[in-house]
Amino acid sequence: MELNEEKLHALLGKVVTEMGAAANGPLVTIGDKLGLYTTLSESEPLSSSELASKTNTAERYVREWLSAQAASGYVQYHADTQKFSMTPEQTMVFGNRKSPVFMTGAFYAISSVYHDEPKIEKAFKTGEGVSWGDHNNCLFCGTEKFFSPSYEGNLISNWLPSMEGLVEKLEKGAKVADIGCGHAASTIIMAKAFPNSSFIGFDFHAPSISQAKERAKAAGLTNISFEVATAKDFPGTDYDFIAYFDCLHDMGDPVGACAHTKAALKPDGTCMVVEPFAKDSLEENLNPVGRAFYAFSTMLCTPCSLNQEVGLALGAQAGEKKLKEVITKGGFSRFKRAMETPFNLILEARP
């Protein structure tokens, strides 16, 4: 085939952009950890010396960091004063930890997949899985930091109200299980909002459960507890509400998990499944969101599922059609998409 120079240069331009993005990933986590973004976002335009002084960091490093951030479009550079600032939009993404689109957590998770690349390379050759707990620790804090802003911004105000009659039950006092709770971001948000209800978080990763207990203790919550358990063997019955937040597709046997969930619910109970947003075909998911989720799915979600029994490996871009098939095979007779966001599908299942 004849080489198309125009297409080649366009592809090279894209790759150079990717190189810059990949190289700037660690700078994002450094900026988050050292408070560089937050301080800059809360200040008038600052020079590198002024930002270094405010954050107790070394000016020469801060100067280079600011230059990289400005070249990335993550901060603004004012050539006339040689100072830097952040727009309201940049602040929402990098500087405001309570923003529903605060994105620095994703870069912590991304750092973990680079650490774990040799494990996934081996899995490519053997077809074996890689357990969630065998990943670099950056993954666990990154997952919490990435999902928490969306949960904070949507769970109480939008997602739970989209479930028919659920908020009223939670206000009166309901029995709730959060499956695959991780560090308990979702569990704690719900427990704070509904003090009359009791919440229990389950996860098969013991270190995450230990961290969840610490988080709940620090929050001063008494209506919440945690146990190590899988989605197929968590204890208890007569739950009013059982939730899965961004985890069903990671499970080896999601059908078995749904069957156990149905059996644990009251006849009028509700199951909410929050999953990464996806359409039902590959061609529909060839976009920036799908690209990011397919990459995480290759490195995290698919290996996690393949490491467990059955190993269905739905992947993070399963889509509503496949998810409905899994949930109904698990015994649920009623299924609907309650709502969606640019990053999530919120699905409702009832016995």
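Colleague: Which residues touch the most other members in the largest nonpolar core?

Modeller: Leu160, Phe245 and Met272 do, in a core of 32 residues, where a nonpolar core is a set of buried Ala, Val, Leu, Ile, Met, Phe, Trp, Tyr and Cys residues joined through side-chain atoms within 4.5 Å. Buried means under 20% relative accessible area, exposed over 50% and partly exposed in between, with a 1.4 Å probe and protein chains only. Please keep in mind that this is a predicted model, in which local features need pLDDT of at least 70 and side-chain atom pairs count only at pLDDT 80 or more, while totals for chains, interfaces and linings use all residues. Residues are numbered from 1 along each chain as its sequence is written, and side-chain values use heavy atoms, with hydrogens and water left out.

Colleague: Which element gives the most to this core?

Modeller: Helix α10 does, with five residues; the elements giving two or more also include α8 (138-159) and β7 (265-276). Helices (H or I, at least four residues) and strands (E, at least two) are DSSP runs, numbered from the N terminus.

Colleague: And what is Met272 in contact with?

Modeller: Leaving aside neighbours within four places in sequence, the contacts of Met272 include Leu155, Trp159, Leu160, Phe245 and Ile346, with contact meaning heavy atoms within 4.5 Å. Another core, of 30 residues, lies apart from that one and has Ile242, Phe277, Val326 and Ala349 among its members.

Colleague: Switching to charges, how many salt bridges are there?

Modeller: The count comes to 17, taking a salt bridge as a side-chain nitrogen of Lys or Arg within 4 Å of a carboxyl oxygen of Asp or Glu. One of them joins the side chains of Glu18 and Arg291 at 2.1 Å, N to O, and this pair links distant parts of the chain, with Glu18 in helix α1 and Arg291 in helix α13 (residues 288-306), 273 residues apart.

Colleague: Is Glu18 buried, exposed or partly exposed, and what about Arg291?

Modeller: Glu18 counts as partly exposed at 29% relative accessibility, and Arg291 is also partly exposed, with a relative accessible area of 47%.

Colleague: Which parts does the Glu348 and Lys336 pair tie together?

Modeller: That salt bridge, at 3.7 Å from N to O, has Glu348 in strand β9 (residues 344-350) and Lys336 in strand β8 (residues 334-340), so it ties together parts that are 12 residues apart in sequence. Glu348 counts as buried at 4% relative accessibility, whereas Lys336 counts as partly exposed at 39%.
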